[in-house]
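Dear colleague,

Please find below the structure that I am handing over to you. My notes on its pockets and its ligand follow.

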Amino acid sequence: MQDIFSLKGKNAIIVGGAGGIGQAIAQGLANYGASVGIASRKLENLKQAASEIEQENGSRVKVFQVDAGDESSVRQLVNNVVSEMGSVDILVNSQGYNLKHAAVDFPMDEWDALFNVNVKGVMMCCKEFAKVMIQQNSGNIINVSSVRGIRANAGGNSAYCASKGAVDMITRTLAAELAPHKIRVNAIGPALIATKLTAKQMLEPGRTEKYVRNIPMGRIGTTDDMVGAAVFLAAPASDFVTGQVIYIDGGLTAIG
Ligand SMILES: NC(=O)c1ccc[n+]([C@@H]2O[C@H](COP(=O)([O-])OP(=O)(O)OC[C@H]3O[C@@H](n4cnc5c(N)ncnc54)[C@H](OP(=O)(O)O)[C@@H]3O)[C@@H](O)[C@H]2O)c1
């Protein structure tokens with residue numbers, strides 16, 4: 001019987017692949033047989049992440065510099081990935097950041113900058129890699145959204161929540177539009193996970209404990225918790241799944 005979770009023979013590019021969630025997903029895809037490339041802005045971080053993935057897995061990991069918020073840089077990334085890796089079977093968009101200000105004080109240039117990476121950056125990567133996937137008549141895109149795409153909170157989170165709501169709708173819209181080309185588009189929606197992105201807020205006394213009280217499973221997530229859903233979405237196991245957001249949140253979005 002076919003191994004429905006095997007990624008052997010597949011090429012995967014993970015944007016944000018040196019970040020907490022992106023690196024865990026890159027590692028997971030490599031462990032299930034994919035050839036992996038990781039991309040983001042800081043070359044040093046990419047090289048470090050690549051060597052960690054290689055150490056666990058034994059496979060070669062390619063690194064690519066890109067600013068996902070810059071259209072010409074994204075186009076260059078696609079050219080580089082195609083010339084170095086050949087086909088692009090799996091794209092993971094794990095780039096993104098958060099910036100909090102009270103709504104009435106939110107500097108709109110900072111709002112634009114966040115949207116430029118979290119929304120336009122995801123769209124541009126989907127758009128440019130989809131052109132390659134359309135030529136292949138196959139492909140698979142996984143966007144890293146957040147529970148904040150459907151669960152608002154106070155505390156200055158308007159830009160981030162709105163950006164993740166947009167990622168959810170990019171996911172669904174492109175799933176519909178690209179389905180005739182045999183390209184699937186899904187997302188994962190993590191709840192709070194300890195990474196660089198959340199390091200500052202997790203240092204606030206009592207903050208994590210308060211958050212955990214709303215999680216039925218009684219703990220925050222780990223980057224490793226993201227791997228199973230990403231492998232599932234990338235693999236033949238999910239061949240008839242598209243346009244979905246899978247929440248990896250210990251039950252947070254199931255209640256309240
Ligand atoms: N941690 C959480 O609790 C949590 C929960 C829900 C959703 N998420 C989402 O998960 C994704 C990954 O977050 P994380 O927690 O893994 O954060 P992280 O450790 O800070 O990783 C973010 C990654 O994005 C890259 N990146 C940022 N801006 C970029 C740009 N303009 N172009 C290319 N790459 C860029 C960063 O690399 P460079 O800075 O080198 O470019 C880094 O590799 C984000 O979309 C985040 O919103 C996180």
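The lining of the second largest pocket comprises four nonpolar, three polar and five charged residues (Ala, Val, Leu, Ile, Met, Phe, Trp, Tyr, Cys and Pro count as nonpolar, Asp, Glu, Lys and Arg as charged, and the others, Gly among them, as polar). The model is a predicted one, in which local features need pLDDT of at least 70, side-chain atom pairs count only at pLDDT 80 or more, and totals for chains, interfaces and linings use all residues. Residues are numbered from 1 along each chain as its sequence is written, and side-chain values use heavy atoms, with hydrogens and water left out.

Among the residues that line the second largest pocket are Lys 10, Asp 89, Arg 184 and Asp 239 (lining residues have an atom within 4 Å of a point on a 1 Å grid over the protein atoms alone, a pocket being an open set of points where a 1.4 Å probe fits, with protein on both sides within 12 Å along at least five of seven lines).

The ligand is surrounded by 28 residues, of which Arg 41, Lys 42, Ala 68, Tyr 160 and Thr 195 are the closest (a heavy atom within 4 Å). By class, this shell holds twelve nonpolar, eleven polar and five charged residues. Polar contacts (pairs of N or O atoms within 3.5 Å) reach oxygen atoms of the ligand from a side-chain atom of Lys 42 at 2.7 Å, from the side chain of Tyr 160 at 2.6 Å and from a backbone atom of Ile 193 at 2.8 Å.

Yours sincerely

How values were computed:
A polar contact is a pair of N or O atoms within 3.5 Å; within protein, one must be able to donate a hydrogen and the other to accept it, and residues adjacent in sequence count only if both atoms are side-chain atoms.
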